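Hi,

Here is the structure I said I would pass on. Have a look at it first, and my notes follow below.

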Amino acid sequence: MPSTKRPSSPPSSSEVTRLEAVARRLNKAWSGLTSVDILRHVFADTTFIKNPVLVSSFGADSAVLLHLLSLVDQSAEVVFLDTGFHFDETLAYRTELTRALGLTGVRVARVDPLAAKRHDAVGQLYRDQPDACCQLRKVNTLDRHLRMSDTWISGQRQAQSSTRVELQCVEVDRLRGKLKINPLAQWSENDIASYKVANDLLEHPLVSQGFLSVGCAPCTSPVLLGEAPRAGRWRGSAKLECGLHDRTHIIASSENVA
């Protein structure tokens, strides 16, 4: 089994305590603000937030947060984790949406080729050890890319799944020792759909085929009528999250890999 160790040591308990105090302060200060105003604060605040990075999968609903970002700072850094298993449609959509929104700071973060060769030489790890595959291709890749940033921005929403219902606007990424901002935390599915229409946003081409949440091609399937938006991810397994988000009690599937 490949190593699932993170590339750097976890933060100290005192640092986590400090970050939790900052998160509480920002959640209180930003309560009631619109998502775009939250983003404006993120990129203007040099006291608590330094070098913020938006992490986007360029998935089914990514256009909303990226459009909001474009209203604040088109040059802001956006990180796309290229796992090597994305749908061709996702890669084409990334290029098209980036151009349409005028984003100039999109960066592609790829898996360490030496680590991939060592732990997944034939590219089949996702079949039997999907948690380890996510750790290798997503989690460790993001860890390396965030070393120079103390805050990252996510498009997570409470309405997406049962694992995210307690999501807050500002959280602490305890494993990395960073703040995590979720500007869309309270947006409903209707909010997302209405915003797309109102702003004439480009739709991910797979949405029309029933993909309401788009991840890696081998581990993503269309969502059936009445299912939750993320029901098509890792279908048939106990796995619910890829591991990017600090929910170690949920991330592990039947493999018991944290």
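Before the notes, one cut-off: I call two residues in contact when they have heavy atoms within 4.5 Å of each other. Also keep in mind that this is a predicted model.

With that contact rule, take Val 170. Leaving aside residues up to four places away in sequence, Val 170 touches Ala 23, Leu 26, Asn 27, Trp 30, Leu 179, Lys 180 and Ile 181. Val 170 also belongs to the largest nonpolar core, which has 37 residues. Among the residues with the most contacts inside that core are Val 170 itself, Trp 30, Phe 58 and Leu 179. Helix 3 makes the largest contribution, with six residues. Apart from this core there is another one, of 24 residues, including Val 111, Ala 132, Leu 142 and Trp 152. As general background, nonpolar side chains in soluble globular proteins tend to be buried together.

Strand 4 (residues 151-153) pairs with strand 6 in the parallel sense, over three bridges. If you want to find that pairing on screen, Trp 152 has Lys 180 of strand 6 as its bridge partner.

What about the cysteines? A search of the whole structure turned up zero disulfides. For Cys 216, the closest cysteine sulfur is that of Cys 219, and at 6.2 Å this is too far for a bond. Cys 216 is buried, at 15% relative accessible area, and Cys 134 is buried too, at 9%.

Last, the charged pairs. The count comes to 14 salt bridges; here are a few of them.

- Arg 40 and Asp 37: their closest N and O atoms are 2.8 Å apart. Both sit in helix 2, three residues apart, which is about one turn of the helix. Arg 40 is partly exposed at 42%, and so is Asp 37 at 27%.
- Asp 61 and Lys 196: the closest N and O atoms are 2.8 Å apart. Asp 61 is in the loop between strand 1 and helix 3, while Lys 196 is in helix 8, so this pair ties together parts that are 135 residues apart in sequence. Lys 196 counts as buried, at 13% relative accessibility.
- Arg 235 and Glu 227: here the closest N and O atoms are 3.0 Å apart. Arg 235 is partly exposed at 39%, as is Glu 227 at 28%.

Asp 61 and Lys 196 are also part of a network of salt bridges, which links them with Arg 157, Glu 189 and Glu 203.

Cheers

Conventions: Residues are numbered from 1 along each chain as its sequence is written. This is a predicted model: local features need pLDDT of at least 70, side-chain atom pairs count only at pLDDT 80 or more; totals for chains, interfaces and linings use all residues. Side-chain values use heavy atoms; hydrogens and water are left out. A nonpolar core is a set of buried Ala, Val, Leu, Ile, Met, Phe, Trp, Tyr and Cys residues joined through side-chain atoms within 4.5 Å. Buried means under 20% relative accessible area, exposed over 50%, partly exposed in between (1.4 Å probe, protein chains only). Helices (H or I, at least four residues) and strands (E, at least two) are DSSP runs, numbered from the N terminus. Two strands pair if DSSP finds at least two bridges between them. A disulfide is a pair of cysteine sulfur atoms within 2.5 Å. A salt bridge is a side-chain nitrogen of Lys or Arg within 4 Å of a carboxyl oxygen of Asp or Glu.
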